[in-house]
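Please look at the sequence and the model first.

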Amino acid sequence: MELLFICFKKRKAAAFIPIFLTGILIPLLCYHYSVRYAHEPEQMAREVLALLHTCVPLSAAWWIILLYQDFFGQEGNELLYYYYPQRELIKEYALVLAAYGALAGAVFMGVKRIARLPLFVLGQLEVETLCVAALTFFCTFFFLNTGGSLLVTAAYCIYINLFDTLGLFQFMSVFPDREQYLLWDSKQMWCVLAAAAVLDVLGGLCMRYRRKYK
């Protein structure tokens, strides 16, 4: 976790954004929905789930962006590639995912009591997080730009979950549609895991062959 600790030390407040969004803002909004829809439990569940399926996977992208940002925007970044070989960078990526997955799991267990959600929703969120993180990882090294990567990931998560009411892009969504939020679809989850694996492999190839030196 050395590289992540350096990012936290260097960027301080910015590094705590996922903790704020996931650990503070999401529980507060979930509590708000529980009060607002106290007599409409089905509507409350839909609002809470839409929030979770959007914000939990999306927040995972932030630490990945910070992890690799200096590899594209700093003078002498070829030294970073020398000091952190590909194996080490992938190891840091895996550790970041593990740390964020633990954070998301802890937050979900608190939200679960408020919204009375089934436990399998946690499995959905963790799988979606893996896939969105893999998308961020791939885009970062494909575009050689962390800003573009974050934009693509945010547009994907927010549009599909909040604005694609007609389901036009459901065919490429890693999230269940609103009618399926409270149904466990193991086939879909395996497909999402397969997509995450493919994106991770592509990201690793881009990391190896598309390095950008300042």
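Buried means under 20% relative accessible area, exposed means over 50%, and partly exposed lies in between, with a 1.4 Å probe and protein chains only. By that cut-off T136, at 0% relative accessibility, counts as buried.

The model is predicted, so to speak of local features requires pLDDT of at least 70, and side-chain atom pairs count only at pLDDT 80 or more, while totals for chains, interfaces and linings use all residues. Residues are numbered from 1 along each chain as its sequence is written, and side-chain values use heavy atoms, with hydrogens and water left out.

Helices (H or I, at least four residues) and strands (E, at least two) are DSSP runs, numbered from the N terminus. Two packed helices are described by the angle between their axes and the distance between the axes. Axes here are lines fitted to C-alpha atoms, for helices over the stretch in contact, and angles run from 0 to 180 degrees between N-to-C directions.

Helix α3 covers residues 41–68 and helix α7 covers residues 120–143. They pack at an angle of about 35°, and their axes are 8 Å apart. The crossing of α3 past α7 is right-handed. A crossing is right-handed if the near helix is turned clockwise from the far one by less than a right angle, and left-handed if anticlockwise.

Contact means heavy atoms within 4.5 Å. On the α3 side, the contact is made by L49, L52, H53, V56, P57, L58, A60, A61, I64, I65 and Y68. On the α7 side, it is made by V121, Q124, L125, E128, T129, V132, A133, T136, F137, T140 and F141. These residues divide into 16 nonpolar, five polar and one charged. Ala, Val, Leu, Ile, Met, Phe, Trp, Tyr, Cys and Pro count as nonpolar, Asp, Glu, Lys and Arg as charged, and the others, Gly among them, as polar.

## Buried polar and charged positions

Which residues does E128 touch, leaving aside its neighbours within four places in sequence? They are H53, P57, V174, F175 and P176. E128 sits in helix α7 and counts as buried at 0% relative accessibility. E128 and C191 are 63 residues apart in sequence, yet 11 Å apart in space, C-alpha to C-alpha.

| Residue | Helix | Relative accessibility | Contacts |
|---|---|---|---|
| T54 | α3 | 5% | C157, I158, N161, L162 |
| T146 | α8 | 10% | I65, Y68, Q69, F72, T140 |

T146 and L67 are 79 residues apart in sequence and 9.8 Å apart in space, C-alpha to C-alpha.

## The nonpolar core

A nonpolar core is a set of buried Ala, Val, Leu, Ile, Met, Phe, Trp, Tyr and Cys residues joined through side-chain atoms within 4.5 Å. The largest one has 65 residues. Within it, V48, L52, Y68, Y93 and F141 touch the most other members. Elements that each supply at least two residues include α1 (2–11), α2 (17–36), α6 (86–115) and α9 (186–209). Which helix gives the most to this core? It is α3, with 14 residues.

Y93 is in contact with I64, L67, Y68, A133, A134, F137 and D200, leaving aside its neighbours within four places in sequence.

## Aromatic rings

Rings of Phe, Tyr and Trp (its six-membered ring) pair if their centres lie within 6.5 Å; planes under 30 degrees apart count as stacked, over 60 as edge-to-face and the rest as tilted. The structure holds 10 such pairs. Y68 and F71 have ring centres 6.3 Å apart and planes at 70°, so this pair is edge-to-face. Both Y68 and F71 are buried. F142 and F143 are also edge-to-face, because their centres are 5.3 Å apart and their planes at 80°. F142 is partly exposed at 37% relative accessible area, and F143 is partly exposed at 42%. One aromatic cluster is formed by Y68, F71, Y93, F137 and F141.

## A loop residue

Most residues other than glycine have a negative phi. L144 has a positive phi, near 55°. L144 lies in the loop between α7 and α8 and counts as buried at 15% relative accessibility.
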